[in-house]
Amino acid sequence: MSYVQRRRFLWALFIIGLALLAAIAEATTLVRLGFSDLVHYSYSIARVRAVRAQTHLENGEIWTDTTFRVLSQNKGYLPEEIVVRQPGGKFLHLHSHVEGSPEFRPGEELYLFHIVGWSQGTFRIRRDAHSGVEMVTQESAETPVFDPATETFTKTGVKNLPAEIFEQRIRREALRQGEIESKPKKKSR
């Protein structure tokens with residue numbers, strides 16, 4: 001194969017690759033929600049422990065159903081156990097990951113804002129090795145998001161906040177929103 005033929009062949013492969021990529025790309029776009037919006041739009045907010053995860057193939061897609069034991073509730077009502085279904089996971093020799101969709105490990109504890117913002121509504125709990133204090137970090141806190149006002153990428157979210165303060169923020173925000181919603185509306189003339 002001559003240099004010219006090889007170059008045309010590579011360009012053809014490149015164009016075909018771009019066309020295939022464009023055809024199969026299904027981007028996940030999430031709007032960054034502030035903490036008050038997460039509280040407001042969540043049906044329920046609970047501290048949970050992942051019990052088990054089961055993956056299965058459905059219509060050619062991998063899905064993971066994670067069962068959680070509800071340890072405490074901060075908003076709404078949930079039964080003792082809940083199942084969260086999301087795309088992606090490991091099935092046989094296949095692995096599928098959907099950007100923005102958190103992966104859970106059996107035994108871990110976290111706060112779930114049910115069901116809002118995928119990774120934005122997932123807050124992982126870890127115990128500080130030195131102090132023993134439980135710390136909460138938002139799953140999406142390390143994901144840079146483009147801010148059109150400043151034309152830069154920024155990382156925002158809850159990072160290493162003591163669990164006690166985190167729960168106080170949830171209660172305060174839920175209470176504030178309840179007070180706003182319960183105020184009588186002014187009559188218009």
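1. Phe123 is buried in this predicted model. Its relative accessible area is 0%. The residue belongs to strand S7, which spans residues 122-127. Phe123 has an aromatic partner in Phe35, and the geometry of that pair is edge-to-face.

2. Phe35 has another ring partner. With Phe166 it forms an edge-to-face pair at 5.8 Å centre to centre, with 70 degrees between the planes. Because Phe35 lies in helix H2 and Phe166 in helix H3 (residues 163-182), this pair ties together parts 131 residues apart in sequence. Phe166 counts as buried, at 0% relative accessibility. Phe35 also counts as buried: the cut-off is under 20% relative accessible area, and Phe35 has 13%.

3. How far do the ring pairs extend? Phe35, Tyr111, Phe113, Phe123 and Phe166 are linked into a cluster by ring pairs. Across the whole structure, the search returns eight aromatic pairs.

4. Two arginines sit over rings. The charged end of Arg169 is over the ring of Phe35, 4.2 Å from the ring centre. Arg85 lies over the face of Trp63, and here the distance to the ring centre is 5.3 Å.

5. The sheet deserves a careful look. It is open, has seven strands and pairs them antiparallel in the order S3-S2-S1-S6-S7-S8-S11. Strand S3 (81-87) and strand S11 (161-162) are the edge strands, each pairing on one side only.

6. Strands S1 (residues 44-58) and S2 (residues 61-75) are joined by 13 bridges, in the antiparallel sense.

7. S6 (residues 109-114) pairs with S7 over three bridges, antiparallel. Leu112 finds its bridge partner in S7 at Thr122. S7 and S8 (residues 134-138) also run antiparallel, joined by five bridges. Arg124 is bridged to Thr137 in S8.

8. Which residue takes a positive phi in the hairpin of S7 and S8? Gly132 does, with a value near 80 degrees. This hairpin has six residues between its strands.

9. Overall make-up: three helices and eleven strands. In sequence order the pattern is α-α-β-β-β-β-β-β-β-β-β-β-β-α. The chain has 189 residues, and 31% of them count as buried. Among contacts with a separation of 6 or more, 50% join residues 24 or more positions apart. The accessible surface is about 13100 Å², with 57% belonging to carbon and sulfur atoms.

10. Confidence needs a caveat. The average pLDDT is 79, and 74% of the residues score at least 70. Over residues 18-29 the pLDDT is below 50. That stretch has three contacts in the model beyond near neighbours in sequence. Where pLDDT is low, the predicted coordinates should not be read in detail.

Key: Residues are numbered from 1 along each chain as its sequence is written. This is a predicted model: local features need pLDDT of at least 70, side-chain atom pairs count only at pLDDT 80 or more; totals for chains, interfaces and linings use all residues. Side-chain values use heavy atoms; hydrogens and water are left out. Two strands pair if DSSP finds at least two bridges between them. Helices (H or I, at least four residues) and strands (E, at least two) are DSSP runs, numbered from the N terminus. Buried means under 20% relative accessible area, exposed over 50%, partly exposed in between (1.4 Å probe, protein chains only). Contact means heavy atoms within 4.5 Å. Accessible areas come from the Shrake-Rupley method with a 1.4 Å probe; for residues, only the protein chains shown count as cover. pLDDT is the predictor's confidence in each residue, from 0 to 100. Rings of Phe, Tyr and Trp (its six-membered ring) pair if their centres lie within 6.5 Å; planes under 30 degrees apart count as stacked, over 60 as edge-to-face and the rest as tilted. A charge sits over a ring if NZ of Lys or CZ of Arg is within 6 Å of the ring centre and within 35 degrees of the ring normal.
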